[in-house]
Amino acid sequence: MLVVQSFQRHWRVRQMGWVSLGLLGIVVAWVAVFTARGGWDLTNQRARRAAGTNRQEAERLRPASRYAALGDEGPALPLRPHEVPSPLNPTEDALQSLVLSVPHAAMTSDRFLADWAFMTYSRWVVHFVFMGFVLPLFTLSYASGAFGTDRESRSLVWLMTRPIPRSAIYLAKFLGTLPWCLAFGLGGFVAVCLAGGPVGHEALARYWPAATVATLAFAALFHLVGALFQRPVVVGLVYVFFFEAVVAALPGSLKLLSLTFYARSLMYNEAAAAGYPVDMLPSMAAAVSSTTAWAVLGGATVAITLAGMWFFARSEYRDDV
């Protein structure tokens, strides 16, 4: 009964929920526009130190294009001094053509372009934006509000006078909140991935288990924060922006304290197992194994929930604060 009551109370989207939905809408719109413009296609991006795209620059550096630029009938393609062919020095010309042909080989390789698009999407959209901000804020807005509504309606003390163990109240509140955390956390992940086109669909198929277990761990943590603090949103925001966002990106062993690091490790290992160039994720070079990441995230969910039940059963609460 208490589980159902807790679930029903979250029908009304709280203020933090609207903020999270707004942030998710901005992210989805940005990903959709970027995808529609072909942003994940490396060939369409502007080349460094050049006026054209990577495809145009690769075509300009081909030996045939460079030699055509020397003739009167060839297209007007400006060449830098080190790009001018050396027909009177075959060795130098062969080495020069070999090096300058690399961009064209890369821009015509379907596997290279697909790998680059997937890893770029994984790095900036999944790892940085969604795992760094969107998912923690979604779980914070719902998990921390399980006791917030009781505090606002001054019914928390009345609730604890019911003939129900306090630890059971804590667990029931958590179970009633969990469907909302999963619905909005995973729903947000699905929306972001669908907006990303084919690379987003690939990311959804490979990363949804990591997003699920991360949602459970964050839900358990922020539910505990909601039970312990009068201003759980403030505490949660400080945790998200100054711990998960900063500590998870620091070198060394401090990142082992971050839940996001283990979720990202699961995604990193999944991409590595599929043969993607995971060295494009330099911040995850020290990723732990998938077994360790599953054990830590699953163990943290259980341990934090049990700790919350223990603390809640031994804490005193008042409705006048």
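## Confidence of the model

The pLDDT is the predictor's confidence in each residue, on a scale from 0 to 100. The model shown here is predicted, and the protein averages a pLDDT of 82, with 86% of the residues scoring at least 70.

Confidence in the protein is lowest in helix α1, residues 2–9, where the mean is 60, and highest in helix α13, residues 259–273, where the corresponding value is 93. Where pLDDT is low, the predicted coordinates should not be read in detail.

## The largest pocket

The largest pocket holds about 360 Å³ of space, and 13 residues line it, of which R46, A47, R48, N54 and E57 are the closest to its centre. By class, the lining comprises six nonpolar, two polar and five charged residues.

Helices α3 (54–60) and α6 (102–107) each contribute at least two residues to the lining of the largest pocket, and the largest share, three residues, is supplied by α3.

## Packing of α4 and α5

Two packed helices are described by the angle between their axes and the distance between the axes. For helix α4 (residues 63–70) and helix α5 (residues 90–100), the angle is about 120° and the axes lie 10 Å apart. Because angles of 65 to 115 degrees count as roughly perpendicular and only those over 145 as roughly antiparallel, α4 is oblique to α5.

On the α4 side of the contact are P63, R66 and Y67, which meet D93, Q96, S97 and L100 of α5. Divided by class, the residues in the contact of α4 with α5 are three nonpolar, two polar and two charged.

Key: Residues are numbered from 1 along each chain as its sequence is written. This is a predicted model: local features need pLDDT of at least 70, side-chain atom pairs count only at pLDDT 80 or more; totals for chains, interfaces and linings use all residues. Side-chain values use heavy atoms; hydrogens and water are left out. On a 1 Å grid over the protein atoms alone, a cavity is a set of points where a 1.4 Å probe fits but cannot get out, and a pocket is an open set with protein on both sides within 12 Å along at least five of seven lines; lining residues have an atom within 4 Å of a point. Grid points are joined across faces, edges and corners, and a volume is the space filled by probe spheres set on the points. Helices (H or I, at least four residues) and strands (E, at least two) are DSSP runs, numbered from the N terminus. Ala, Val, Leu, Ile, Met, Phe, Trp, Tyr, Cys and Pro count as nonpolar, Asp, Glu, Lys and Arg as charged, and the others, Gly among them, as polar. Axes are lines fitted to C-alpha atoms, for helices over the stretch in contact, and angles run from 0 to 180 degrees between N-to-C directions. Angles under 35 degrees count as roughly parallel, over 145 as roughly antiparallel, 65 to 115 as roughly perpendicular and the rest as oblique. Contact means heavy atoms within 4.5 Å.
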